[in-house]
Amino acid sequence: MRLDLSTLSDGDLASLSLVGREAAFTEIVRRHRSVLYRLALGNIGDADEALDIVQETFVSAHLALKRYDPARPMRAWLAAIAINKCRDWGRRRAVRRLFSFALPIEGVVENVADDRPGHDVAASDRQELARLRRVIADLPTALREPLVLHTIEGMSQAETASILAITEKAVETRLRRARIRLAELLDRR
């Protein structure tokens, strides 16, 4: 008789993963990868980098599975790991940007990527979505993270507060400020 992993809770899957059932962790990945991808994409605005962050998140989660508390939702635990990975990515990006200015101008010009949309991306709604992602990614971290978790991912204020280790009132305030700042940035661009 074969165990149907899709019927098990995340906590049960974590327990099975800890005893060596690789298929159990595969089920965890299947359940949560889309949410984590949208979360990463909303935070950094780059689809390829978001995929890398999701992969790093699952690797870290697998290594830290012993510390997972089954009483806590797996989604919130994974989201907290993903948020930390996004923060790490932002720090690495800032360092790379700093070093890129130290290169001679010839090296910089040769290594600049063409960020124009491809010819196949002609639809205005795709361009607007890309514009919105960039604007969201440019928000300060303290405003971007609650906006992505609550508004885009649909997490409650309590879940968002738990993941970010802030109060629900702080989430509410940051959401209001994020929306105001987002409107200002969209008006300028």
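Student: In what order do the elements of the chain run from the N terminus on?

Tutor: This is a predicted model, and its chain has nine helices and zero strands. Reading from the N terminus on, then, the order is α-α-α-α-α-α-α-α-α.

Student: What share of the residues in the chain count as buried?

Tutor: A residue is called buried when its relative accessible area is under 20%. The chain has 189 residues, and the share of them that count as buried is 35%.

Student: Which element gives the most residues to the largest nonpolar core?

Tutor: Let's begin with the core itself: it has 42 residues, and those with the most contacts inside it are Leu 39, Trp 77, Leu 78, Leu 149 and Ile 163. Two or more residues come from each of helix H1 (10–18), helix H2 (22–44), helix H3 (47–63), helix H4 (74–100), helix H6 (124–138), H7, H8 and helix H9 (168–188). With nine residues, the element that gives the most is H4.

Student: How many residues are in the other core that lies apart from it?

Tutor: Among the members of this other core are Ala 40, Ile 44, Ile 53 and Cys 86. Its number of residues is seven.

Student: Which residues does Leu 149 contact, leaving aside its neighbours within four places in sequence?

Tutor: We met Leu 149 among the residues with the most contacts inside the largest nonpolar core. Leaving aside its neighbours within four places in sequence, its partners are Leu 39, Ala 79, Ile 83, Gly 154, Met 155, Thr 160, Ile 163 and Leu 164.

Student: Is Glu 153 buried or exposed?

Tutor: Glu 153 sits in the loop between helix H7 (141–152) and helix H8 (157–164). Beyond its neighbours within four places in sequence, Glu 153 is in contact with Val 35, Arg 38, Leu 39, Arg 75 and Val 148. Its relative accessibility is 7%, and the cut-off is under 20%, so Glu 153 counts as buried.

Student: How does Arg 38 count at 39% relative accessibility?

Tutor: Arg 38 has its place in helix H2. Not counting residues up to four places away in sequence, Arg 38 touches Val 148 and Glu 153. Buried means under 20% and exposed means over 50%. At 39%, therefore, Arg 38 counts as partly exposed.

Student: What distance separates the C-alpha atoms of Arg 33 and Leu 78?

Tutor: Arg 33 is in helix H2 and is partly exposed, with a relative accessible area of 44%. Not counting residues up to four places away in sequence, Arg 33 touches Val 54 and Phe 58. Arg 33 and Leu 78 are 45 residues apart along the chain, and their C-alpha atoms are separated by 9.6 Å.

Student: At what angle do H1 and H2 pack?

Tutor: On the H1 side, the residues that meet H2 are Asp 10, Leu 13, Ala 14, Leu 16 and Ser 17. Their partners in H2 are Ala 24, Phe 25, Glu 27, Ile 28, Arg 31 and His 32. The residues of this contact divide into six nonpolar, two polar and three charged. The helix axes are 7 Å apart, and the angle is about 140°.

Student: How many nonpolar residues are in the contact of H2 with H3?

Tutor: Residues in H2 that take part include Phe 25, Ile 28 and Leu 36, while those in H3 include Leu 51, Ile 53 and Val 54. Three residues of the contact are polar and two are charged, and the number of nonpolar ones is 15.

Student: What value does phi take in Ala 165?

Tutor: Ala 165 is found in the loop between H8 and H9, and at 69% relative accessibility it counts as exposed. Most residues other than glycine have a negative phi. In Ala 165, a residue other than glycine, phi is positive, near 60°.

Key
Residues numbered from 1 in each chain as written. Predicted model: local features only at pLDDT ≥ 70, side-chain atom pairs only at ≥ 80, totals over all residues. Heavy atoms only, no water. Helix = DSSP H or I, 4+ residues; strand = E, 2+ residues; numbered from the N terminus. Buried < 20%, exposed > 50% of the residue type's maximum accessible area, 1.4 Å probe, protein only. Contact = heavy atoms within 4.5 Å. Core = buried A, V, L, I, M, F, W, Y, C linked by side-chain atoms within 4.5 Å. Nonpolar A, V, L, I, M, F, W, Y, C, P; charged D, E, K, R; others polar. Axes fitted to C-alpha atoms, helices over the stretch in contact; angles between N-to-C directions.
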